[in-house]
Structures are given as structure tokens and as C-alpha cells.
Amino acid sequence: MDIQFSPTRPQVDTLVLAVAKGTVDSLPLTASATLVAGAAAARFAGEAGGSVESFVEEAGAVLRVLLLGIGNGSAADLERAGGALTAKLSTSGATHAAVEFPAGVSGEDAARLGLGALLRSWRIDTYRTRQPEKAKPTLATVTIVANGAEAEWAKLSAVAAGVAFTRELVSEPANILYPESFVARCQHLADLGVKITVLDRAAMTELGMGALLGVAQGSAREARLLAMEWDGTDGAAEKPVVFIGKGVTFDTGGISLKPGPGMEDMKWDMGGAGAVAGAMKALAGRKAKARVVGICGLVENMPDANAQRPGDIVTSMSGQTIEVLNTDAEGRLVLCDAVTWAQKTYEPEVVIDLATLTGAMMIALGSEHGGLFANDDALADDLLAAGKTSGEKLWRFPLSEAYDKLIDSPIADMKNIGPRFAGSITAAQFIKRFVNEGVKWAHLDIAGMVWSDKPGATADKGATGYGVRLIDQLVADKFER
């Protein structure tokens with residue numbers, strides 16, 4: 001869907017009137033009495049995302065009119081309104097809608113509504129060969145009637161492109177998206193100025209990445225480590241902030257096989273890597289004045305005859321040994337080698353990993369918050385604040401020596417799972433053992449956030465793109481020069 005901006009309303013088939021909460025009585029149409037009566041009948045009061053559809057005659061033609069609530073006019077309310085616009089009109093037969101705002105709404109604020117509309121318009125029809133005519137999108141253009149929105153829109157549309165890329169990656173089935181093809185999908189980022197580095201199995205073997213490669217050894221698809229570097233500081237930033245994503249492109253559980261029902265969902269077990277790749281596209285697209293590295297550990301976890309077994313011991317790149325008691329606790333094995341490589345390669349002061357790591361996190365938080373673990377209070381506070389601003393919320397969990405002892409192994413340096421309880425915490429404690437002294441580190445367990453079984457404010461059901469806006473906001477708040 002194309003989002004345009006114009007100081008005046010063009011000829012359209014649909015007019016969208018943005019209505020602030022409690023201001024229904026001040027509609028700018030000669031037929032407003034009819035619209036006000038319709039709004040009253042529908043109990044519409046301008047609440048964010050609420051709407052009432054009607055038709056009026058204007059200049060001898062029938063015009064579809066949508067009253068669209070923008071609530072109090074906050075960024076979140078405007079984005080919700082934009083999403084509601086798309087949800088209402090996308091397949092309605094409308095082709096071109098213009099949005100007019102009440103006095104006092106700036107161009108920058110108006111752009112937020114455009115962002116919500118654009119985000120909500122994303123859908124994946126790649127594999128559909130037949131659709132009912134009424135299910136096909138008709139809304140091709142939304143014109144925002146506002147001045148001074150262009151600069152803000154340049155930034156927001158870049159973020160939207162990053163979110164769309166993440167949704168694409170997360171949505172693709174595992175026979176289409178696997179470590180090598182994930183890397184191929186990211187090659188276009190080089191056109192935006194992103195430096196791309198790829199390690200294959202031979203390179204990782206030479207580096208001693210026994211933990212990551214152990215997960216991949218049961219699959220016919222070879223593992224890859226993908227690094228994407230954006231430097232918008234022209235070399236002024238000595239050290240980058242590093243984001244690391246878990247990229248298990250399909251997770252059967254390995255020999256510790258998952259139950260069959262629901263296993264198809266495990267195509268999105270690379271949601272952390274997808275978020276990192278999308279965030280790099282967003283940052284490069286808006287030319288963020290920061291030095292950022294995104295790293296994706298990419299594997300497929302399969303129960304082949306060569307798959308690692310429960311009880312195997314692997315040696316990580318750090319030299320620490322791991323007793324693999326459960327092959328379905330594989331994400332942390334991927335992340336630990338990626339964390340070690342990132343620290344040796346880039347010597348960062350800040351490392352943040354994102355991973356669909358534990359079912360326990362979904363039990364704890366559902367799909368309302370991602371879980372946050374950190375060894376630095378200031379970094380944790382920065383992430384919590386970025387989550388609130390971006391709408392991709394986090395909730396902090398504890399780390400402590402008492403939990404750390406739960407993953408001690410009697411025959412290796414550690415085991416890859418602890419007891420039944422506190423599973424998300426012991427997973428975080430595992431990753432923490434690979435973080436160098438003095439490095440500020442945070443772990444985001446986003447297992448409940450990357451996929452939704454129902455539509456949201458700015459996303460249809462399916463891939464949400466969670467993590468892109470969170471990363472972008474954190475970089476904007478704390479790492480841009």
C-alpha cells in the first residue's frame with residue numbers, strides 16, 4: 001500500500017475524518033449532522049481505533065466517509081487508528097482514501113497514522129493461487145492531508161520496511177527459509193551500506209564453535225553465522241553495540257523430539273534473528289548515526305542419525321564444555337558461540353541477544369511482554385524505556401548465583417538445562433556464562449512475541465515483526481551521535 005502526503009485533499013473514493021476523543025460534534029462537512037447522528041447511534045466517541053462508516057453526497061458524487069477515532073492523539077493512538085483504517089478498508093472495495101485531521105495535529109503526528117496503516121497492510125500472499133474476490137486487497141493508496149510530514153515519514157517508513165522484512169523472514173516455511181537462504185535474503189542490505197560477513201561450517205569448525213555446530217549436525221542444511229555491520233558515524237564510534245539473534249530456522253527438538261501437534265509453528269524459532277535482520281534494515285534505511293552490528297546464529301535442529309544425543313558433551317568456542325541433557329534446549333547453544341565470536345571480533349561494550357528461547361517465558365508473560373534479563377541496571381532501564389516508547393514492551397526478571405548453580409554439571413563445566421522450574425532464568429544464566437567481564441549484556445526472551453494467533457492493532461495474525469522497533473528505539477535513544 002502506498003502512503004502519500006499532500007497539503008490538500010485529492011480526488012478520492014473514500015474520505016477518512018480523524019476524530020479526537022470527545023470531539024464528534026465538530027465534523028467539517030455540510031452533512032455532519034447525519035454523521036454525528038450515526039456516530040451517536042454507533043456509540044462512537046473518537047476512541048483510538050474506533051470507527052463508523054457512512055456515505056454522503058459531495059459534488060454530485062457519493063463519497064464513502066469513515067469516522068476514525070484517534071483518541072488523545074498520542075503516537076500510540078495514532079498508530080492504532082492507522083491500523084484500524086487499513087483493517088476496515090483494505091478489502092472493502094475502496095481504492096484511494098484521504099485522511100483529514102482536526103486542527104492541532106502536526107505533520108509529524110499525522111505520519112504516525114500513516115505508519116500504523118502501512119504496518120497493518122502487510123500480508124503474505126506468496127503461496128496463494130486462489131482467493132475469493134472479496135478477500136483480495138483493494139486499497140492501494142492512502143493520502144495523508146498534512147504539511148511537514150516528509151522528514152518524519154522518511155524515518156518511519158524505513159522502520160516499517162524493517163518490520164516488513166522481519167515478518168517476511170518469520171512467515172516463510174522451513175523448506176524455503178533455512179540458514180543459507182536466510183543469508184541470501186539479507187544480501188540486499190549491502191545496497192543500503194551494510195557490511196555483510198558470513199561464516200560457513202568450515203570456518204566455524206576452525207574457530208571451535210562446537211556448541212552451535214552440535215545443534216546443526218543432524219540437519220542436511222548447513223549452519224551459517226551472519227554478521228551485518230552498519231556504521232553511520234563515519235568511523236567516529238570506536239566500538240559498536242551488538243545485537244545477536246537466535247536463528248533456528250526450524251526446531252523439531254532434535255532427538256528430544258517435540259510433540260507433533262503445533263510443531264509446524266517452529267518455523268518461527270528464528271524470530272530473534274529475524275528481528276535483528278529487520279532492525280539492521282531499519283537502521284541503515286533511515287541512516288542512523290550509530291555503529292551497530294547484528295549477528296544471526298543460523299541452524300536447523302533435526303533428528304537425523306548424525307544428530308547430537310542427550311548426554312553428549314560439546315566444547316564451545318569459549319573453551320567451556322557443555323553437557324547436552326536435552327537437545328530441545330538448543331537456542332542457548334547457538335547463542336553462546338555467537339556471543340563469544342561477537343566479543344572476540346568486535347570487542348563491544350554492549351551486547352544484547354534476542355531469542356524465542358523458552359516455553360516457560362510464554363507461560364509467564366503470554367504475548368503481552370518480552371522477558372528481559374540483564375547484568376547492568378542502566379541497560380535494563382534503557383531497554384524498558386525503549387519498550388514503552390516503541391510499544392514493544394518488556395518485563396525484567398532476576399539473575400542470581402542461586403539460579404546459576406542449577407546448571408552446574410557433575411562431568412562438564414555446565415549442563416544446558418536446569419530443573420523444571422525457573423526455566424527461563426536458568427536459560428539466561430547459561431548465556432551469561434559466556435559474557436566477558438565488563439561487558440554490559442541483556443538477554444531478551446521473546447518466545448511469546450514474534451507470532452500472534454489473532455490480529456493486533458498494527459499487525460494481522462501471524463508474524464508480528466516484534467523486536468525491530470524496540471532495537472531501533474534503543475539505538476535512537478542511547479547510541480546515536
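Where does Val194 lie? In this predicted model, Val194 is placed in the loop between helix 5 (179-185) and strand 7 (195-199). The relative accessibility of Val194 is 4%, so the residue counts as buried, the cut-off being under 20%. Setting aside neighbours within four places in sequence, the contacts of Val194 are Leu189, Met228, Glu229, Trp230, Met280 and Ala284. Val194 and Lys281 are 87 residues apart along the chain, and their C-alpha atoms are separated by 8.4 Å.

**Helix 8 and its crossing with helix 14**

Helix 8 covers residues 271-285. Of its 15 residues, 14 are buried, and the helix is mostly covered. From first C-alpha to last, helix 8 reaches 21 Å, close to the 21 Å expected at 1.5 Å a residue. Just after helix 8 comes Lys287, which takes a positive phi of about 55°.

Two packed helices are described by the angle between their axes and the distance between the axes. For helix 8 and helix 14 (residues 468-479), the axes come within 8 Å and cross at roughly 50°. The two helices are therefore oblique to each other, and helix 8 passes helix 14 in a right-handed crossing. On the helix 8 side the contact involves Ala275, Val276, Gly278, Ala279, Ala282 and Leu283, which meet Val468, Ile471, Asp472 and Val475 in helix 14. By class, the residues of this contact divide into eight nonpolar, one polar and one charged.

Helix 4 (residues 150-171) packs with helix 14 at an angle of about 145°, and their axes are 9 Å apart. Val159, Gly162, Val163 and Thr166 of helix 4 make this contact with Val468, Arg469 and Asp472 of helix 14. Three nonpolar, two polar and two charged residues take part in the contact of helix 4 with helix 14.

Helix 4 also packs with helix 3: the axes of these two helices come within 10 Å and cross at roughly 15°. That angle makes helix 3 roughly parallel to helix 4, angles under 35 degrees being counted that way. The crossing of helix 3 and helix 4 is right-handed. From helix 3, the contact uses Glu108, Ala111, Arg112, Gly114, Leu115, Leu118 and Leu119; from helix 4, Glu152, Trp153, Leu156, Ala160, Val163 and Arg167. The residues of the contact of helix 3 with helix 4 divide into eight nonpolar, one polar and four charged.

| Helix pair | Axis distance | Axis angle |
|---|---|---|
| helix 8 and helix 14 | within 8 Å | roughly 50° |
| helix 4 and helix 14 | 9 Å | about 145° |
| helix 3 and helix 4 | within 10 Å | roughly 15° |

Helix 2 (residues 75-89) has 15 residues, which at 1.5 Å a residue should span 21 Å; its end C-alpha atoms are 21 Å apart, in agreement. The buried residues of helix 2 include Asp77, Leu78, Glu79, Ala81 and Gly82. Gly83, Ala84, Leu85, Thr86 and Leu89 of helix 2 are buried too. Among the elements that cover the buried residues of helix 2 are strand 2 (14-19), strand 4 (61-69), strand 5 (96-100), helix 3 (107-121), strand 6 (141-145) and helix 14.

Ala97 lies in strand 5. With a relative accessible area of 0%, Ala97 is buried. Not counting residues up to four places away in sequence, Ala97 touches Val12, Thr14, Val16, Leu89, Leu139, Thr141, Val142 and Thr143. Ala97 and Glu437 are 340 residues apart in sequence, and their C-alpha atoms are 55 Å apart in space.

**Helix 9**

Helix 9 (residues 331-346) has 16 residues and reaches 22 Å from its first C-alpha to its last, close to the 22 Å expected at 1.5 Å a residue. Helix 9 is mostly covered, with 14 of its 16 residues buried. Glu347 follows helix 9 and has a positive phi, near 45°.

Cys336 lies in helix 9. The relative accessibility of Cys336 is 0%, so Cys336 counts as buried. Neighbours within four places in sequence aside, Cys336 is in contact with Ala211, Ser316, Ile322, Phe430 and Phe434. Cys336 and Val435, 99 residues apart in sequence, are 8.5 Å apart in space, C-alpha to C-alpha.

Notes: Residues numbered from 1 in each chain as written. Predicted model: local features only at pLDDT ≥ 70, side-chain atom pairs only at ≥ 80, totals over all residues. Heavy atoms only, no water. Axes fitted to C-alpha atoms, helices over the stretch in contact; angles between N-to-C directions. Helix = DSSP H or I, 4+ residues; strand = E, 2+ residues; numbered from the N terminus. Parallel < 35°, antiparallel > 145°, perpendicular 65-115°, else oblique. Left-handed = near helix turned anticlockwise from the far one by under 90°. Contact = heavy atoms within 4.5 Å. Nonpolar A, V, L, I, M, F, W, Y, C, P; charged D, E, K, R; others polar. Expected span 1.5 Å × (residues − 1). Buried < 20%, exposed > 50% of the residue type's maximum accessible area, 1.4 Å probe, protein only.
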